[in-house]
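Here are my notes on this one, jotted down point by point. Have a look at the model first, then read on.

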Amino acid sequence: MLEFDQRQGSSDGGAVLLKAAERRYGLIASMSGCLHDHRQAGKVDHSLRDLFSQRVFSIGCGYADANDSARLAADPVHKMLLDRDPVTGLDMASQPTLSRFENAVGPRQLYHMGAALAESVIERHASGCTIVPGWSPSIWIRPTILRMGRSSCPSSTATMTMRATCR
């Protein structure tokens, strides 16, 4: 006979590989370090790093919608991903908490998070480069900026060049 009502059961065991990748690359730590917490300390149950980690790991497991957080709040694997005890550890954040978190991040913080991500990518690629005197690889980023309005304006393209020097 099969039973599907285990309280400490999870179907996301493969997520431990995501945690291993995070330990190796540290992207969550570097990107969440760009966030500033303006909440009242006495009312905070979940750090910004935990909220960011929860969303990243949830999305990585295929739960793109924050509404899934209600079901995943007590999931033992997801609690382990946040370094909590899978049985007795604090449950993860609720959907309203995650929505407030996502809506509180402003453009300046998003810019710094993007820069931290770009720096990590450049560092990883540069560490594997062969040293060639005078050589500097370029990464071209061409974001498309859409212009909103009644007329159909063509989008313009902004170009930003980031340079990394192999060490």
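1. By class, how many nonpolar, polar and charged residues does the lining of the largest pocket have? The lining has seven nonpolar, six polar and five charged residues, with Ala, Val, Leu, Ile, Met, Phe, Trp, Tyr, Cys and Pro counted as nonpolar, Asp, Glu, Lys and Arg as charged, and the others, Gly among them, as polar.

2. Before going further: this is a predicted model, where local features need pLDDT of at least 70, side-chain atom pairs count only at pLDDT 80 or more, and totals for chains, interfaces and linings use all residues. Residues are numbered from 1 along each chain as its sequence is written, and side-chain values use heavy atoms, leaving out hydrogens and water.

3. The protein chain has seven helices and four strands, in the order α-α-α-α-α-α-α-β-β-β-β (DSSP runs numbered from the N terminus: H or I of at least four residues for helices, E of at least two for strands).

4. Take F52: beyond its neighbours within four places in sequence, F52 is in contact with I28, M31, S32, L35, F101 and M113 (contact: heavy atoms within 4.5 Å).
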